[in-house]
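Student: I am new to this structure. Could we go through it together?
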Amino acid sequence: MSVLTRDEAQSRAKLLDVHRYTIELDLTTGDETFDSRTVIRFATRADGDTFVEVKPAELRTVTLDGQPLDPASLDENRLPLKNLTAGEHELRVDARMRYSRTGEGMHRFTDPTDGETYVYTQLFLDEVQRVYAAFDQPDLKAVFDVSVRAPEGWSVLANGVTERLGEGHWRAATTPLISTYLVAVAAGPWHSVRTEHRGLPFGIHCRRSLAPHLDADADEILDVMRTCFDRFHEKFEEPYPFDSYDQAFVPEFNSGAMENPGLVTFRDEYVFRSAVTDTERQTRAMVIAHEMAHMWFGNLVTLTWWDDIWLNESFAEYMGYQTTIEATRFSDTWVEFGVDRKSWGYDADQRPSTHPVAPEAVEDTASALLNFDGISYSKGAAVLRQLVAWLGEKDFLAGINIHFARHKFANANLADLIDSLADATDRDVHAWADSWLRTTGVDKLTPLVDSADDGTRTLTVERAGSRPHRVTVGLYDHDTADEGSLVLRERERVELDVPQTVPQPIGKRPALLLLNDGDLTYAKIRFDAESFETLRTGLSGLPEALTRAVVWNALRDAVRDGELPPADYLEVARAHLPREMDLAVVEAVLAFASGHVADRYLKPEDRPAALATLGSLCRDLIRRTEDGDNPGLRLIAVRHFIDVAAHPDTIAAWLADGTVPGGPELDPALRWRILGRLAVLGATDEAAIAAELERDPSATGRQGAAHCRAALPDPEAKRAAWEAMFTTDDLSNYLFKATAQGFWQPEQADLVREYVPRYYQDAVAVAARRGPAIATATGHWAFPAYAVDAENLALGEACLRDAAPVTALRRKLADELDDLARALRVREA
């Protein structure tokens, strides 16, 4: 498929003015394809040639201004439009299109629980062409009229309010001006919960088999929707720009959610069918707020070209976290951001594939897709948080509202936004943007404490990097009334702009000096020697969860940089995590300790001791929660105890009894988790997996079974899993991921060693055949991450150099190989 370049998009935008799309979709033509008829009304500003994009199974007919065009002129995904004269035109395209099983274009899913079928669109970034013919670039906005023919018994959701016309025909209300990639349709026998808020229809929808679980949480979900909606109207002067607000929880969705105007699609894992922690509920609320922010950042005002994706994602990410705090019961979302989400940005920003938050130029759509990463999301949100700390929220929001007023229902770029912010403040926002948005990498801040003759101390911050930082410094002393605790001496007064002009007086020497207390900037933080010794014994005694999150993130960075031995990180975790109360902190520390420290950073001979340490830590947490006061903490401890179990006896007994002693009872998620670990340990078999799948024949049950079968330490099971991933092409996106996650296990290094060299050849082939979603999954989930050795690294580097993998796979391989090289360096250190 030909990808659209920036130059081509700019040329086409100069030539065309697109007015209206009329799209008719017929979803009754079979299981493999659907019919798509598109009428595009547009004008050309001058005589010239252009093209429209479409990727059909069959292109039946095309007419331009009533004259037929030859369907055979379609070149890959481009249909040339030659000899256009200045003025108005009408293009009609009739095509048969393929359903997708990979979460791209029009995805089709049949629920194994009840046999019901659902379809939905995911048209981002250039998947529009799989559903309808379009001038597919974000700055050619138009209005859309969409109608759908669906099987009887189905309902149809779209960007606007839909009307059932009879005999399976549905029509959606005409949209305002939106970009092609934001058109959305979801059809099937949905279970729906509807209400109204501020005169607008609100609705939440899921497949029928999930109806009891959606109903159980409907009040919570709708309340988050309403309160965030109201809070955005307090922040933004432009009102919500669409006629309704629906949220569809859809199966096998590749992203967390997609901000289609009026019809946000979410992965339906957010309809919780098993027990979850309050942090997971908080994450769902944040995602709802994030997607709602997109109604302004991305939908009302849309980027001109994909180099400004941060205008969508960074703002929605920042607003999602901040608005969740302001509008919902979840008041600590920045803790989860700091201890978990932010590390996504830090990691991405230290790889060779790093890029600025706002890159100078993204040459084509394939390159643009790679930038939907930790930089565009979490780094961008952290940078905006630093901007608000420097600029002040009042001026920040004033600039945002200027931006909306200037560019509503149109397109904008970085320069437009910075001009709007500059008009709301006397500060040099342009210089700030150059320092923060046009540069790459992570600055490192280290405190230097000097003693004066009178015994007082001064603080200077040493900066490795080039950005200005507004940071808050926390000064903590030992609590004389509570041994092991630390008390904040002062924080608000000790604010620094880095680089400093003069040292900052701090009085007597504190037990702990913490830079970036409050986590308002984006930088790696280090400790002076005395502060680090304090943390060894006093970390859990810090009074605020966000402060502890900053410390844990700093320790994580130090391990990854080879400055803190992985065993020391485990020692600190073993000492302090049993006393930690914040669920996000516990979850993030255990995840890093097991998935990175034990599985990759420690040498194989040290891994059993690390798992034993983590198992003991989880046991302590389980004992601590026996009174039932903290079920979320207990659930986290149980999950991770399962994951690090080196012997099957305890977890096998839990599975046989259907419960953990003292609770919780085993729901489907915990049962599959235990069975997956038993499979790794060779303590279960195909018969047990089949029996569990009969017990839970749902879509997630099928994924659990695929994971378990791939995890069995049996040559035939490994061969079957490998063929399913790389030969037959039958796996959906979710089943591919589940199989890949099961295949590679640190305990089975010898068994799967022969597959490491095979991976690079087979990955290149399957990525070329199956498209970007599977290419991305192949490069990440199917990568042999646990083969931490020079041979694997050399094979990967040769693949990048010689095999010419497709763009999406190339990026993922480059990132995984960089992580592999880092793991080798940590081991050597």
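Tutor: Leaving out neighbours within four places in sequence, A637 is in contact (heavy atoms within 4.5 Å) with C618, L621 and I622. This is a predicted model, where local features need pLDDT of at least 70, side-chain atom pairs count only at pLDDT 80 or more, and totals for chains, interfaces and linings use all residues. Residues are numbered from 1 along each chain as its sequence is written, and side-chain values use heavy atoms, with hydrogens and water left out.

Student: Is A637 buried or exposed?
Tutor: A637 has a relative accessible area of 0%, so it is buried; buried means under 20% (1.4 Å probe, protein chains only).

Student: Which helix is A637 in?
Tutor: A637 belongs to helix α16, residues 631-644; helices are DSSP runs of H or I with at least four residues, numbered from the N terminus.

Student: And what separates A637 from E692?
Tutor: Their C-alpha atoms are 23 Å apart, and the two residues lie 55 places apart along the chain.

Student: New topic: which residues touch the most other members of the largest nonpolar core?
Tutor: F396 and W552 do, in a core of 284 residues. Such a core is a set of buried Ala, Val, Leu, Ile, Met, Phe, Trp, Tyr and Cys residues joined through side-chain atoms within 4.5 Å.

Student: Which helix gives the largest share of this core?
Tutor: Helix α14 (residues 583-601), with 12 residues.

Student: What does F396 touch?
Tutor: Not counting residues up to four places away in sequence, F396 touches F315, Y318, M319, L384, L387, V388, L391 and L421.

Terms used:
Helices (H or I, at least four residues) and strands (E, at least two) are DSSP runs, numbered from the N terminus. Buried means under 20% relative accessible area, exposed over 50%, partly exposed in between (1.4 Å probe, protein chains only).
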